[in-house]
Amino acid sequence: MNIFEARMNELYELVKHHAELYYDKDAPEIPDSEYDALVRELNELERDYPEFSRKDFLTHKVGGSPSELFAKVEHKIPMLSLDNVFNPDELTNFFTRINLSGPFTCEMKIDGLAVSLIYQDGVFVQGATRGNGNIGEDVTENLLLIDAVPKKLINPPAGRVEVRGEVLMTLERFKAINARQEERGGKLFANPRNAAAGTLRQKDGKILAERGLDIFLYYLVDAEKFGVTRQSEALTWLKEKGLPIQEAWSLCENLDDAKNFISHWHDERYKLNYVTDGVVIKLDDLTQWPNIGSTSHAPRWAVAYKYPPEEARTKLLDIKISVGRTGVLTPVAILEPVRLAGTQVSRASLHNVDEISRKDIRVGDVVIVRKAAEIIPEIVNVDVSARTGQEKIFMMPANCPACNSEIVRLPEEAAYRCPNRASCPAQLKEGLRYFAARDGMNIKGLGKSLAEKLIASGKIKTLSDIYTLSLEDWMTLDKIGEKSAQNILAELEASKSRPFVNLLTALGILGVGKNAASLLVDEFGNIDNLKAASIDEISEIEGIGPVIARSVHEFFGNQANLKLIEDFRSLGFSMGSENVTLKEKNTLDGKIFVFTGSLSTMTRDEAGEKVKALGGKVSSSISKKTTYLIAGDKTGSKLQKAEELGVKILTEQEFLDMIS
């Protein structure tokens, strides 16, 4: 075996390994740019040494394998991938080889999951992932949960319409989800593309609805059937029918104009609320597409121009510890400021000590920094050759830097935590905001700014202290007048009458949001039963599991937290039913309710609590298992789906009559 055959065999294994992680498991180990480099090297070797080429290898195919979790969908017209080019000369060569000079449509390359949507007489009937290009996964139910997916087209043509595009996660949602994952000590998503792909493939609709996805469409199948002969016209047609398209596109007369578009968006792309790592250049005249043809995996009439990854060298000055709302201690790299991807970077998250150890990062090192998915600054690696011997190995502190409590590390977690939930100042600031949020005690006016003022004033040491402050105490805070202080006091007093489930949510127990709190209240009825429950008893509840169970048990095992509970009890807060668990009131036992539109007599959350108090269940999505849909004013697509599935629909008054 010669050296070229050996290298090709090595590359085949590497590419296969990383492709499976990327396409099938949504858990890449290396950045896209490194994967692209491996594929590029393999393609060049295949061209030069065809005798060693594996003709059936995945570089000659599209995407990954369809998951066994979903039904299969066969694409009538294959969903192909795109070839990549990496510099202007390669772009010119790609199109001049087949004598194409324009015009071209240039669209930003969306980093998402390719999907196909089918409408019948204007109504959305099926959605599927690209899969291997010929067979994808049926994700219709999940696509229905994406608000941006129109359930009906505007002025639709009769018959079948197929459109294709990308499901994506916005940067705002991606940052929020990873922040929540980090607080929970969970694994972070590598980039928005993997977050979107992993979310769309969830079997639990609640997770998808909670995370939130978006979609852009860019391809109209059989466009000429609808009188559309150009890609630029197709984008306009999609928009007119109510289908979301990205606005970052342009019609370019020739390749020089296309290169100007690419150059313009090199830095401008950082202003978009979604990730794009390049530009897709397509021949605008789509009537020529069939004649130009395709390879086994990509069209010849389009190509993706990939921007090079931006990296910079700088010095790691220090590693500080940040304490989050749930007590997670996160190491943060303090860097010599460096310009990267359009912004000045001076800090980078190091995630946890395992990550620091794996990369052998030391204070004083010269490090290579880039933005993960061009969003979050991260240290890629260390220039070991630049070490002087003065670098220091980082050690996690034994005590919380905010309150000096001894930190702990759970067996299942990579993160260290401060267990002092009740009075740690770092946790208290974020905890106040969470406590006052809508799903918690719903205290209007108590947001980030006021929480910071309270902590800075030293007037509160624990959550319950906000209920002991006088009118004068509030008025001493910066920019808080008498009227504002009176409003806050009224909000605080009103919050004392909120249901027990709101208090349990507001406490900020790790992993216990509104849904988990509802399950715990349904099972145990009151705070004392829950406090006395074992880990096994808690984990047996469907939807809770051992991780949340251990978190709940440890919360009630902390003396400061127990004192906090007693403080709330003495203030008159509801601690649940005294003599009976809510499960015993089972007039709605086994019935599943879904709410749509706005209710006039109560909020949908309050209506849901009434259902649960009577033994029923509440779902966020319609299915054949749904018993009733409660339709308020301004209903959405759920009403139409309920009618299609034959689900019984009740008015608000009929619902009130039922629960009374």
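The model is predicted, and its secondary structure comes to 24 helices and 23 strands. The radius of gyration of the protein chain, 28 Å, agrees with the value near 26 Å that a compact globule of 660 residues would have.

**Dimensions and burial**

- The C-alpha trace of the protein chain spans about 80 × 70 × 50 Å along its principal axes.
- Of the 660 residues in the protein chain, 49% count as buried, that is, they have under 20% relative accessible area.

**Surface and charge**

- The side chains of the protein chain include 83 positive and 96 negative ones.
- The centres of these positive and negative sets lie 2 Å apart.

- Arg438 is located in the loop that runs between α12 (425–436) and α13 (448–457).
- Arg438 counts as exposed because its relative accessibility is 61%, and the cut-off for exposed is over 50%.
- Although Arg438 and Ala506 are 68 residues apart in sequence, their C-alpha atoms are 9.2 Å apart in space.

Notes
Residues are numbered from 1 along each chain as its sequence is written. Side-chain values use heavy atoms; hydrogens and water are left out. Helices (H or I, at least four residues) and strands (E, at least two) are DSSP runs, numbered from the N terminus. The radius of gyration is taken over C-alpha atoms; the globule rule is 2.2 Å times the number of residues to the power 0.38. Buried means under 20% relative accessible area, exposed over 50%, partly exposed in between (1.4 Å probe, protein chains only). Lys and Arg count as positive and Asp and Glu as negative; His and the chain ends are not counted. The place of a charge is taken as NZ of Lys, CZ of Arg, CG of Asp or CD of Glu.
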